[in-house]
Amino acid sequence: MSIEINAVKRDAKGTGASRRLRHAGAVPGVVYGGGKEAFPLESNHKELFLQFRHEAFHASILTLMLDGKKESVLLRDFQMHPVRNTIQHIDFQRVSA
């Protein structure tokens, strides 16, 4: 089972920018590792949360579709809102073949 995550690179950084993203229905995140530079990304909360509920999402190699390019990543960390049960932030680590 291959799990695909759609994301786009985000330009705005910081607390205020992340709050605006969350209010607009997006999840801020970051992808790092694999000998490449880390960079921030954003993903649609609804699409991400539907995948996030599956156990395989937490233990599998995922396919990150980032601006038309595919990268293999692992879920490394995530933060959930304590009351609303929404994803606040998500971290991915690149996997090199």
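**View 1. A salt bridge joins the side chains of E4 and K70.** In this predicted model, the two side chains meet at 4.0 Å, taken from N to O. E4 belongs to strand β1 and K70 to strand β5 (residues 69–80), so the contact ties together parts that lie 66 residues apart in sequence. E4 has a relative accessibility of 40% and therefore counts as partly exposed. K70, at 58% relative accessibility, counts as exposed.

**View 2. A salt bridge links E71 and R94.** The side chains of E71 and R94 meet at 2.7 Å, N to O. Because E71 lies in strand β5 and R94 in strand β6 (residues 87–94), the pair ties together parts separated by 23 residues in sequence. Both E71 and R94 are buried. A search of the whole structure finds 2 salt bridges.

**View 3. Strands β2 and β3 form a hairpin.** Strand β2 spans residues 26–33 and runs antiparallel to β3, to which 7 bridges join it. Within this pairing, G29 stands opposite L41 of β3. The hairpin has 2 residues between its strands. In the turn, G34 has a positive phi of about 70 degrees.

**View 4. Strand β1 pairs with strand β3.** Strand β1 (residues 4–9) and strand β3 (residues 36–44) run antiparallel and are joined by 2 bridges. V8 stands opposite E42 in β3.

Technical notes. Residues numbered from 1 in each chain as written. Predicted model: local features only at pLDDT ≥ 70, side-chain atom pairs only at ≥ 80, totals over all residues. Heavy atoms only, no water. Pairing = 2+ DSSP bridges. Helix = DSSP H or I, 4+ residues; strand = E, 2+ residues; numbered from the N terminus. Buried < 20%, exposed > 50% of the residue type's maximum accessible area, 1.4 Å probe, protein only.
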